[in-house]
Amino acid sequence: MGSICAILACALFLVASAVPARAGNLTLPPGAQQAIDAIYSGNPQAAIPLARALQQARPEDPAGYLIEGEALWWERYCEALEIKYGMIEAWKHEKRSEDTAYFALAEKAIELAQAQLAKSETAEMHVYAGMGYALKVRVYALRGENRNAAHAGVAARAEMMRALELDPQMGDATAGLGIYNYYVDTLSPIVKLLRFFMGIPGGNKALGARQMETGMSQGVLLAVDVRFIFGRALRQYDEKYEQALAVAEPLVARYPKNPMFLLLAGNLNAELGRNAKAAEYLRRVQQLPDSGSPCAARTREIANSFLSTLH
C-alpha cells in the first residue's frame, strides 16, 4: 500500500465547475461543463463524444483532450475496483491495447499546453500540462510501472509549482501540490529511501492536507477530484473515518448516481460500524440503471460482495 505507484496514482486531476475568470481560477471553454458533469454523474461514456466535439471546435485547447482522458480514466478506475484490506479501491490493472490511445490523449494535452506556453506563459497552461502528466501517472501506477509513474509525477509537480509561482492564488495548482505532498509523505522509510535515489522530491503530509482542503473550496478543475482523493486518503492512511465521511458525503449529495462515490460512502460507514447506513449506500449502487458497461457490472458486483460482509 506504500509503493510509489500507489502514491502517485492519486495525482489525478480534472474538473468540477466553471466560474467567472479572475485571479486564481481557471475557466472552461463552452461545452466543457456538460462533459464534465457526465463524468462525475457516473456516465463517462456520455462525456467522450462531447469532449471530441470540443476538440474539433477548439483544436489548440488542451481541455477537450484532458476531458476525454479523464472519462477514460474513470472507466478504468471503476473496472479495477476490488475489496482488499477492507477497502474498496483500485489497486492494480493489467496493460491494455486501449492504453495507447489513452497515453496519446495525455501527450496531446501536454503538447498543446506547451505550445501555448511558448507563446505566452500562463499559470493556466502550466496546470493543463500538469494534468496531462497526471493522466500518465494514473495508468502507469495501476500497471505497476513505478519508474514511469515517478517521472511523470515529478513532471506534474513541476508544472503545478510553476503555476503557483505565476499565480499564488491558483486553487487548482494548490490542490495538485497538496495531493503530491500528502501522499509522498506517507511512503514507508524504505520506499522513501528509494524515492531519494530516484530523484523524487519529498512531501509534507500536514501541508498537503491543508492544500487539498484549499483545492476543495477554491479549485475549478480539481474541486471534485481532490475531495474524492482526500476522502480515500483519510480512510487508507490515517483511518480518520469520520473526517473522511464528512469529506465524501457532499460528493454523493451532488452526484447521487455516481457508483464510486456511493461505494466510498458505504465503505466509510462500515468502518464506523454503521452497517445499516453502509447497506443503504450499497443498495443504491445495486439500484442504479444498468448501462451494460463493464463499470456498471463491476460496481454492482462490489456492492453485492461488500453487502455480504455486513452483519
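Student: What makes Arg 143 and Asp 99 a salt bridge?

Tutor: In this predicted model, the closest N and O atoms of Arg 143 and Asp 99 are 2.7 Å apart, and because a salt bridge requires a side-chain nitrogen of Lys or Arg within 4 Å of a carboxyl oxygen of Asp or Glu, the pair qualifies. Arg 143 lies in the loop between α6 and α7, while Asp 99 belongs to helix α5, 44 residues apart. Both residues also take part in a network of salt bridges with Arg 76, Lys 95 and Glu 145.

Student: Why is Asp 99 called buried?

Tutor: Its relative accessible area is 2%, and buried means under 20%, so Asp 99 is buried.

Student: How do you know that α3 is roughly antiparallel to α4?

Tutor: The axes of α3 (residues 44-57) and α4 (residues 63-79) come within 8 Å and cross at roughly 165°; because angles over 145 degrees count as roughly antiparallel, α3 is roughly antiparallel to α4. The crossing is left-handed, and the contact includes Arg 52 of α3 and Glu 68 of α4.

Technical notes
Residues numbered from 1 in each chain as written. Predicted model: local features only at pLDDT ≥ 70, side-chain atom pairs only at ≥ 80, totals over all residues. Heavy atoms only, no water. Axes fitted to C-alpha atoms, helices over the stretch in contact; angles between N-to-C directions. Helix = DSSP H or I, 4+ residues; strand = E, 2+ residues; numbered from the N terminus. Parallel < 35°, antiparallel > 145°, perpendicular 65-115°, else oblique. Left-handed = near helix turned anticlockwise from the far one by under 90°. Contact = heavy atoms within 4.5 Å. Buried < 20%, exposed > 50% of the residue type's maximum accessible area, 1.4 Å probe, protein only.
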